[in-house]
Amino acid sequence: METVLDQEKISFLQQKAAETRALIIKTVHHAGAGHIGGPLSATDLLISLYYEVMNVRPEEPQWEDRDRFVLSKGHSAIALYAVLAQKGYYPLEELYTFDAIDSRLQAHPDMNILPGLDMSTGSLGQGISTAVGMALGAKLTGKTFTTYCMIGDGESQEGQVWEAADAAVRYGLDNLVVIMDYNKLQQYGWEGSDGRERAVPVPSPEKKWEAFGWNVMEIDGHHFGQILTACSQAKATKGKPTVLIAHTVKGKGVSFMENAYLWHSRVPTDDELNSALQELGVEV
Amino acid sequence: MQTIQNGNLVSMRDVFGETLLQLSISDPRVYALDGDLANSTKLNLVAEKNASKFLQMGIAEQNMIGAAAGLATVGLQPWACSFAAFIAKRSLDQIQVTVAQPKLDVKLIGAYSGLLTGCTGKTHQALEDIAIMRSLANMVVLAPADASEVQHVMRFAHEHTGPVYIRLARDPLPVVMPQDYSFTLGKAVELKQGSDVTLIGTGTQTVRAWEAADLLEQEGISAAVLHMPSIKPIDRDAIIDAAKQTGALVTCEEHSIYGGLGSAVAEVLVEHCPVPMLRVGVNDKNSESGPNDALLQKYEISTGHIVKRAKEVLRIKAGK
């Protein structure tokens, strides 16, 4: 599955993604706290949503017909903040207040203080239920917006995720698209097998979602063509909600962070920051 | 539905179902969310008479609360209804993160609160819900005393933008609130004047406090009765005035003595006007199944126990 995108657009998205990853790493380094691995695995998906897929107006964040986005895996907030800043929801320099007292950029998203956030999240498994409510609310009020929700694979150990999965099918929420950032690592998890350092948090998610009655698509979560094609197919699917199982790499973009569970929430040293920025090939 | 007039036994849940039905008809924003207990809570009135406003969320309270939060962001006013035990405890984190912290316009209905839940025993009783809900920032906590007051607090909650928890009881109770009553958030209601001791009740225990005051009067003790429908915010002035006027207080609640009305009143007293005070509530015990009267006796929250505690606090006041 792949859309043939013009090379210019792909180059633009790739450049944006590299800049976003650099911002994420620099911000966490500056704050001396935060998550790295999950935000980097989610970056290409978020860039796709905010630059190509979602119908939003950064200059009018509360526009009532906007598409909604819920970051259920709230600890990847820094990735969302970096994207929102670049889209103009708030000043880019404010990114460096992340995790500071009185900052609008809380460690986990707070919808009441930062423009562009459709839901407060952080305690895992909860965002998806709120996305179900938004999509249901759209149906009840005759609104045509789509609700997008990103969940983590580790997060999917929460029972509430599956309560939400069931409810979404019962109400036929074809205006809901869940994107699983399937990076196959959680904060600590279980010891792995078959040569993997850690076990997969939720094995065979595609079968689980399918068993709940969802329209399931598996994609490469770092391939813009696949992401955009899947999003447009999801929107065209009627009668049931769609989940995109997006295969991703935790720590994507920086070789020494990739697939290393300890980079879930490590803060880079000065040297690590420089190496990471060099690898990403951007200075922002 | 029975006539709501003083002395009549009327069930809060009948009035709850009827009132929510009316709200759902008159206001397009109002939706009733059910955790599969509609025929117990009487939410089935909405399901049967205004089906498009009834959303069955199944036996999945955590998702129900999150979905309610999502509905509120779209401009709707969801009323999420279940037993108090499940609303306040099973979905506590969900309430805090997606309802209370973002101050969303979600109404939470804790039916079958307290000890008297129809022989269902400790898993279905809620003796901690006031303590839990009142500890959440932005949450309004209300416990009406009778069926007539249920209508008042529901109309308040409907007009108030933001999270409200309403604690309801299962069984019919005598109507005690005055005919000309109107609810004001954060205001206590003086049901009876007295000079020796003030009995402060909330929810179902206001009726028993009122009965206890009559029994005390027969023994020559003048007990004032104050009803506290709004536990958060609480009426500090009324508590301080009561302490000054009678010099002794007894709190009465169908709840644990920890964290509920007794704790809230004690906090005000200690900070502003310390006088002798005793609490009638469930004293650090898990409960069990059983008929109402037996439960009230065993867990020491009956009218007789209120009388006993009132006499004890008077002895303390007299320095004996």
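How many salt bridges are there between chain A and chain B? The count is zero, where a salt bridge would be a side-chain nitrogen of Lys or Arg within 4 Å of a carboxyl oxygen of Asp or Glu.

## What you're looking at

This is a predicted model, with local features needing pLDDT of at least 70 and side-chain atom pairs counted only at pLDDT 80 or more, while totals for chains, interfaces and linings use all residues. Residues are numbered from 1 along each chain as its sequence is written, chains are lettered from A in the order in which they are written, and side-chain values use heavy atoms, leaving out hydrogens and water.

As for confidence, the predictor gives the complex an ipTM of 0.96 and a pTM of 0.96. Chain B has a mean pLDDT of 96, and 99% of its residues reach 70 or more; pLDDT is the predictor's per-residue confidence, from 0 to 100.

## The A–B interface

Each side brings its share of residues to the contact: 24 from chain A and 24 from chain B (contact means heavy atoms within 4.5 Å). The two chains bury about 1,800 Å² between them, 62% of it on carbon and sulfur atoms. Buried area here is the accessible area (1.4 Å probe) lost when the two parts are put together, summed over both. On the chain A side, Gln126(A), Leu140(A) and Glu163(A) lose the most area to chain B, together 26% of what that side buries.

Salt bridges are at zero, but nine residue pairs are in polar contact across the two chains, both residues at pLDDT 80 or more. A polar contact is a pair of N or O atoms within 3.5 Å; within protein, one must be able to donate a hydrogen and the other to accept it, and residues adjacent in sequence count only if both atoms are side-chain atoms.

Helices α4 (127–141) and α5 (159–170) of chain A each supply at least two residues of the side that touches chain B, and α4(A) gives the most, with nine residues. Helices here are DSSP runs (H or I, at least four residues) and strands likewise (E, at least two), numbered from the N terminus.

## Gln62(B) at the contact

Gln62(B) lies in helix α4 (residues 61–73) of chain B. Not counting residues up to four places away in sequence, Gln62(B) touches Ser129(A), Gln160(A) and Glu163(A) as well as Arg90(B), Ser91(B) and Gln94(B). Gln62(B) and Leu92(B) are 30 residues apart in sequence and 8.2 Å apart in space, C-alpha to C-alpha.

The peptide bond from Lys232(B) to Pro233(B) is cis, with omega near 0 degrees. Pro233(B) lies in the loop between β12 (230–232) and α10 (236–246) of chain B.

Then there's Tyr112(B), which has a positive phi of about 55 degrees although it is not a glycine. Tyr112(B) is in the loop between β5 (107–111) and α7 (129–134) of chain B.
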